[in-house]
Amino acid sequence: ITISNNIFVDMLSSNYPFVHSNTSSENIVNISNNFFYNFHEEWFSDMDEATAIANGGAVLTASPLADPANGDFTVTDATVKAAGAGDGRWL
């Protein structure tokens with residue numbers, strides 16, 4: 001399983017941990033450039049935070065997106081943009 005170049009925003013429910021209980025973190029072979037903002041503290045229940053943000057990722061303190069509430073998912077965070085994370089249509 002590869003998990004890379006993603007932006008996870010507003011994951012406030014603990015019902016969807018980073019690695020679901022039916023997926024072992026041992027099956028994940030590539031984790032890189034994943035960015036997280038505004039997520040539930042238990043979201044990393046099956047994988048520690050350091051592993052989830054490995055290889056260029058980060059936990060962000062401000063939203064990396066322009067105005068998601070109104071459908072504008074343009075990446076505005078310079079670090080996320082430079083990493084090329086997220087959907088290319090919004091970079």
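In which strand does Ser 32 lie? Ser 32 lies in strand β3, which covers residues 30–32, where helices (H or I, at least four residues) and strands (E, at least two) are DSSP runs numbered from the N terminus. This is a predicted model, in which local features need pLDDT of at least 70 and side-chain atom pairs count only at pLDDT 80 or more, while totals for chains, interfaces and linings use all residues. Residues are numbered from 1 along each chain as its sequence is written, and side-chain values use heavy atoms, with hydrogens and water left out.

**Overall make-up**

- The protein chain has two helices and seven strands, and from the N terminus on its elements follow the order β-β-β-β-α-β-β-β-α.
- Of the 91 residues in the protein chain, 27% are buried, where buried means under 20% relative accessible area, exposed over 50% and partly exposed in between, with a 1.4 Å probe and protein chains only.
- The protein chain exposes about 5300 Å², of which carbon and sulfur atoms supply 45%; accessible areas come from the Shrake-Rupley method with a 1.4 Å probe, and for residues only the protein chains shown count as cover.
- Among contacts (heavy atoms within 4.5 Å) between residues at least 6 apart in sequence, 58% join residues at least 24 apart.

**Sheet and hairpin**

- Strands β2, β4 and β5 form an open sheet in the order β2-β4-β5 with parallel pairing, two strands being paired if DSSP finds at least two bridges between them.
- Because β2 (7–11) and β5 (58–59) stand at the edges with a single partner strand each, one side of each is left without a neighbour in the sheet.
- Strand β4 (residues 35–39) runs parallel to β2 and is joined to it by four bridges, and in this pairing Ile 7 stands opposite Phe 35 in β4.
- Strand β6 (residues 65–67) and strand β7 (residues 72–75) pair in the antiparallel sense over two bridges, with Leu 65 opposite Val 75 in β7.
- The hairpin of β6 and β7 has four residues between the strands, and in this hairpin Gly 71 takes a positive phi near 85°.

**Nonpolar core and its contacts**

- The largest nonpolar core consists of seven residues, namely Val 9, Phe 35, Leu 60, Leu 65, Val 75, Val 80 and Ala 85; such a core is a set of buried Ala, Val, Leu, Ile, Met, Phe, Trp, Tyr and Cys residues joined through side-chain atoms within 4.5 Å.
- Phe 35, placed in strand β4, counts as buried because its relative accessibility is 0%.
- Leaving aside residues up to four places away in sequence, Phe 35 touches a set of residues that includes Ile 7, Phe 8, Leu 60, Val 80 and Ala 85.
- The C-alpha atoms of Phe 35 and Ser 4 are separated by 9.3 Å, with the two residues 31 apart along the chain.
- Val 75 touches, among others and again not counting residues up to four places away in sequence, Ile 7, Leu 65, Val 80, Ala 85 and Trp 90.

**Aromatic pairs**

- The structure holds two aromatic pairs, where rings of Phe, Tyr and Trp (its six-membered ring) pair if their centres lie within 6.5 Å, and planes under 30 degrees apart count as stacked, over 60 as edge-to-face and the rest as tilted.
- Phe 8 and Phe 36 form a stacked pair, at 4.9 Å centre to centre and with 10° between the planes.
- This pair links distant parts of the chain, with Phe 8 in strand β2 and Phe 36 in strand β4, 28 residues apart.
- Phe 36 is buried, with a relative accessible area of 0%.
- The rings of Phe 73 and Trp 90 have their centres 5.5 Å apart and their planes at 80°, so this pair is edge-to-face.
- The pair links Phe 73 in strand β7 with Trp 90 in the segment after α2 (78–83), 17 residues apart.
- Phe 73 counts as partly exposed at 34% relative accessibility, and Trp 90 is partly exposed with a relative accessible area of 29%.

**Salt bridge**

- One salt bridge is counted, by the rule that a side-chain nitrogen of Lys or Arg lies within 4 Å of a carboxyl oxygen of Asp or Glu.
- Asp 87 forms this salt bridge with Arg 89, the closest N and O atoms being 2.4 Å apart.
- Asp 87 counts as partly exposed at 34% relative accessibility, whereas Arg 89 counts as exposed at 69%.

**Surroundings of Ser 32**

- Ser 32 is buried, with a relative accessible area of 15%.
- Not counting residues up to four places away in sequence, Ser 32 touches Ile 3, Ser 4, Asn 5, Ala 54 and Asn 55.
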